[in-house]
Amino acid sequence: LMNIDELNKLAQQRRSIRGYDGSREVSDQTIRAILDCARWAPSGGNAQPWEFIIVRDAAVRHKIGDYYLKQMEQKREMDMAVRGTAKMTGDGFRRAPVHVLILGDPRVKEAYPIRTKLEKAESHFITGLANATLLIHLAATALGLASQYVSDANSPYMETMLKALLKIPEPLRIYHLVPIGYAKGNVAAPPRRELHELLHYETYDPAKFRSDEQMAGFVKTRTLQGAYGRRGGAEGNEKE
């Protein structure tokens, strides 16, 4: 079994990569191994909401990239209107040799106890899909591959276009798109809060509660919206 140090190293090595070497292929066996890992993710009621579409065709991948850029037009416009700046990423993922689209079937919510279904069906549904997606990223990292979160795949325009393009039936929903391939270069580790900042023993430590000013400073210096986001590297995105 993997020990905790190996798991920690794997988690630290995972990156959201935006630049892929389009000349290097990834075998079907490798993708199947990654998704075989993902299907063991925990899910509410063992409902296992996930299904996966593997896209290799270059023309289809480039069309997906075009949809993404179209989706980003309004996203950029909205940020410019509200914030006066827009920190968006490009469409480099289209060059990854494999796109994995994670789908969710909301009908699995019937697997939950009635009160859970009434109170938390959507959050349990999304949590299961998120767990499977994280395992995809970790499995890819373990195999020396690069991956990325493309969450815009479930935005209204892009989801509508992808469902038509890939013949996805109702009521299935798109969760995320994960490109998988080989990175063109190394990417520096994104900043993380120190462990001691996050830990509380027995009760919440009020000394660690961040004021509005401290939180604003954090956003401006250590997230996409601040100096970190202005690095312009491969890590400027909603999910890192």
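The model is predicted: local features need pLDDT of at least 70, side-chain atom pairs count only at pLDDT 80 or more, and totals for chains, interfaces and linings use all residues. Residues are numbered from 1 along each chain as its sequence is written, and side-chain values use heavy atoms, without hydrogens and water. Helices (H or I, at least four residues) and strands (E, at least two) are DSSP runs, numbered from the N terminus.

**Helix α4**
- Helix α4 spans residues 114-142 and bends by about 85 degrees at lysine 120. The bend is the angle between axes fitted to the seven residues ending there and the seven starting there.
- Glycine 144 follows α4, with a positive phi near 80 degrees.

**α2 against α4**
- Helix α2 (residues 28-38) packs on α4 at about 140 degrees, with the axes 8 Å apart. Axes are lines fitted to C-alpha atoms, for helices over the stretch in contact; angles run from 0 to 180 degrees between N-to-C directions.
- α2 contributes Ile34, Leu35, Cys37 and Ala38 to the contact, and α4 contributes Ala132, Leu135, Ile136, Ala139 and Ala140. Contact means heavy atoms within 4.5 Å.

**The sheet**
- The open sheet has 4 strands in the order β1-β2-β4-β3, with antiparallel pairing. Strands pair if DSSP finds at least two bridges between them.
- β1 (50-55) and β3 (146-147) are the edges; each has a single partner strand, so one side of each lacks a neighbour in the sheet.
- β1 and β2 (residues 98-104) are joined by 6 bridges.
- Isoleucine 53 sits opposite leucine 101 of β2.
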